[in-house]
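I opened this notebook to keep track of what I looked up. The entries follow the order in which I went through the chains and the ligand.

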Amino acid sequence: MAREAALALPAARRAWALPRDAGWYALLLPAFLLMTLLYVAPILQVLAISVTEPAPGIGNYERLFTNPGVQRVIGTTLRICVTTTAVALLLGYALSYVIALASPRAQRWWLLGVLVPLWISVLVRAFAWVTLLRRQGLVNQGLDALGLIEEPLRLVWNEFGIVVGMVHYMVPYAVLPMLAAMKEIDPRLLAAARGMGASRLTVFRRVFLPLSLPGLIAAGVLVFIFSLGFYITPAILGGGKTLMAAEWIKLQILDLVRWGLGAMLATVLVVAILVTLAVFSRVVDLRRLFGGGR
Amino acid sequence: MTGGYRAGPLARGIAWATVIYLVLPITIVVPVSMTDRRYLSLPYETLSLRHYANLLGSEAWLGAIWQSLWIAIASTAIAVVAGTLCAIGCWRLARRSTEWVRALMLLPLIIPSIVYAVGLYRWFGTLDLLDRFLGVTLAHGVTGIPYVVITVSTALAAFDPRLEQAARGMGASLGQTLRWVILPRIAPGIASGAIFAFIHSWDELVLVLFIASRNVFTLPRKIWDGINENLDPTMAAVAVLLIVFTVLLLLLDGALRARRDP
Amino acid sequence: MTALPRPEAMAPAGSAAHALELRGLSKRYGSFTAVDAVSLRVERGQFLTLLGPSGSGKTTILMAIAGFVAPSAGAVLLDGADITALPPERRDFGMVFQGYALFPHMTVAENVAFPLRVRRLGQAAREAKVRAALDLVQLSAFAERRPSQLSGGQQQRVALARALVFEPDLLLLDEPLSALDKKLRAELQEELKALHRRIGRTFVNVTHDQEEALSLSDQVAILNHGKLVQMGAPEALYERPRTRFVADFLGKSNFLRGTVREVRPDMMALQAGGTRLLQAVQGAHPAPGTPALLSLRPEKIALLAGEEAADNAVAGRIEAWAYLGAGYALTVATDDLGPLRVALPAWRAPIAPREGLPVRLGWSAEAAVPVLEDADGA
Ligand SMILES: Nc1ncnc2c1ncn2[C@@H]1O[C@H](COP(=O)(O)OP(=O)(O)OP(=O)(O)O)[C@@H](O)[C@H]1O
Ligand SMILES: [Mg+2]
């Protein structure tokens, strides 16, 4: 029973034998090299700069405790991030709750309203908020035309403006993990609780809220860490008066050429974010969040 | 989740207000872009398209759009090739070590771009990649990898691993298995990843602020300068074009998804 | 189990080359042993079936043969050459997967052409071979359909055509018929058997359906808990099961327990309560006084009329009965041997069964076989 020659596998391929799975590991290589050489290495360099410039040592980190400027920036950043997170969670929770309980048809429309803003350019959105909120902006013009205000309100180029813009950016990120968690709650459970005589509020407090809590925590972590290093929106809507961490770092490096100080705060940002993630790693699954949401 | 249970009036009120808050500022730029005035405002007497004419007649804007487009296309290619291969490798090997590789690929989503921009500014300085097309493309490509890894991994989760075994068992080499069996099956996932990597590069500003100055001048950079220097309705016209473009890409993604899971 | 000879000792000595051999194949997942030192040999052109209950390691063995599972110990040999480390794509085996694994994005013809495309066969030759393979499984009319547009039986035949089209020397089949309904399964069993005869390749088939194993195979290897319990031709396994597990798993059986009283060169006598049993012996002779276990197939028990004599005879009452068309299945309660299952042909049955009816059962000294108790009580 001699096999026809044409049906044998190409001979060259039989010859070389690499270890099992070597080919699959080779597939990882391009991404791995790109990521380590062009992403991880520059970031490690930032960490290195923070302890070597201007002089080797932890001098830059001492500024965290001695320099009021640095402390003010950190204070502002934390304040804005906490406010943003709280507001985004509140709005996002109500939105997810309504979406989760809506009919499938209605769900699609609601989701469109959440996902389209998510993918619109941050710059475009910041621009839109400037158009609306500045002194001669559409909001002030409208209020003025209605005779509701004497003086234009100061809505932008301050912390208020930053929070408005940041919450706008963060609400979709808050909705995605919460919605994913809420979609897994069995609606019959809620109907059954209502049927047993519980009020709407009781059903929410005793059944829905505890079940959606993991999603709420995940959303909170996500929004908070995204807010910490946010650059564009605070820079545009803060008008250079309210400095958050990212803009302060840019200022140190591009304008004042104080590499050590800038790198120090950058390091603090990364450490803060990684620590937050590590603490909550069990409830936050980034991959699922991004994979399932869009 | 559907059933007889509906949200109460308070929740519905907040939800509606939130959606209006999300969508309104984006829609408001449409009338503003058609104002008949020379400054940012709603149209007074008639609708005018002259700001669009302005935009499309401007060398500077068109040049920026052109540059952004090329960078986005090239960096998407990098992200798609590297990200897809990596996702497939991780999926097939499924070891603890590959879990770490996958986590590594997600880093750019987690670490603020300002930190990366600072590092890259130095790094590219030594590599002589500052203010060069290649530099920006590489930076955008690397940071676009996570989007591709996520969408392709999601597509692979629904892929029957026995098909890969069947192909290998019939004598297909790894390359043939990839080309004829795996890639055709996960093409919609790759396309989704490509769309998101493209949008990522197309919108990216923070890195560009640090690693590009005169030679490479992308659209976001131009908009940034516009917002900081002269707020005029041409900006609104740009914004509208960008919004339309993004929505078209998302619709394309939606169509691909609909084909994938009918 | 310890009394079992090593299976390779049972293979004919000095057989020709071109055969598949497993030597001490083991696969461990952590501390769990899925396959435990399995050694066996399949001669060229034979149809071997791996038979065993779910989880007994059949798929794992097949995957190790195909190269998808790396054995923890032992070797896979083809024509005497060790191929344990050879990756699957270089083994040149045809394989039909559990669930078929047809490529959903290709048509039937493209699926079947796949192994040829991989081998860079020219267009014309490829088309001819695909046509021939589809003819073989009688699916030529469906060449342009997608797998999702085919019935289960048709899909199975596509998988078969795809595995055969590149004329592999060895075809591996993992429960190829399990997803089909009974009638279709019977039909495809016929086809598979005819196909095997026609093309004369070596087939290794996995199933947990004992009828399929008996009707298709030249050799059956019975597995339990990852171990090879017994291997042999279907008739040999059915007629001379070595252990209680084999007798029970392959067909139905009654088990009679007794103590050896007397041993002669070709015969022994057992005592089971008040009943004396006469039993033929071959090979090893048990010592008097030791316990013994006999396996007795229901169809080898006859109803004795009146005072008719037999080597073994026992009285009892019908406890339950069922009419099965071709015959009756009786359960007869006896004092010394417990309930015995009896298969009675319906055509000219000597009695009309009814519950409580007293009957006398008889069987010859050659009807039953001594079997070993399984070590792990399976
Ligand atoms: N990757 C694995 N990791 C751990 N255990 C495994 C793995 N694969 C198989 N097993 C175990 O090995 C044993 C044998 O599995 P195998 O698939 O070979 O059984 P099988 O005889 O084919 O059963 P079935 O008839 O149900 O297909 C099972 O107990 C199974 O749980
Ligand atoms: Mg199996």
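This is a predicted model: local features need pLDDT of at least 70, side-chain atom pairs count only at pLDDT 80 or more; totals for chains, interfaces and linings use all residues.

Entry 1, chain B. I read the elements of chain B from the N terminus on, and they run α-α-α-α-α-α-α-α-α-α-α. The count is eleven helices and zero strands; helices (H or I, at least four residues) and strands (E, at least two) are DSSP runs, numbered from the N terminus. I also looked up the extent of chain B: its C-alpha trace spans about 70 × 65 × 30 Å along the principal axes.

Residues are numbered from 1 along each chain as its sequence is written, chains are lettered from A and ligands numbered from 1 in the order in which they are written, and side-chain values use heavy atoms, with hydrogens and water left out.

How many residues does each chain bring to the contact? Chain A brings 95 residues and chain B brings 96 residues, where contact means heavy atoms within 4.5 Å. The size of an interface is often given as the accessible area lost when the parts come together. Here I found about 8,900 Å² buried between chain A and chain B, with 79% of it from carbon and sulfur atoms; buried area is the accessible area (1.4 Å probe) that two parts lose on being put together, summed over both. Trp24(A), Trp119(A) and Phe127(A) supply 10% of the area that chain A buries against chain B, more than any other three residues.

I found eight residue pairs in polar contact between chain A and chain B, both residues at pLDDT 80 or more. A polar contact is a pair of N or O atoms within 3.5 Å; within protein, one must be able to donate a hydrogen and the other to accept it, and residues adjacent in sequence count only if both atoms are side-chain atoms. On the side of chain A that touches chain B, helix H2 (residues 22-52) of chain A gives the most, with 21 residues.

Why does the pair of Glu53(A) and Arg122(B) join two chains? Glu53(A) lies in the loop between H2 and helix H3 (59-66) of chain A and Arg122(B) in helix H5 (residues 113-127) of chain B, so the pair joins two chains. Their side chains meet at 2.9 Å, N to O.

The peptide bond from Glu53(A) to Pro54(A) is cis, with omega near -5°. Ala94(B), in the loop between helix H3 (59-93) and helix H4 (96-110) of chain B, has phi near 45°, a positive value. Most residues other than glycine have a negative phi, and most peptide bonds are trans.

An oxygen atom of ligand 1 is 2.8 Å from an N or O atom in the side chain of Lys58(C). A polar side-chain atom of Thr60(C) lies 2.5 Å from an oxygen atom of ligand 1. H1(C) gives the most to the shell around ligand 1, with three residues.

How values were computed:
A salt bridge is a side-chain nitrogen of Lys or Arg within 4 Å of a carboxyl oxygen of Asp or Glu.
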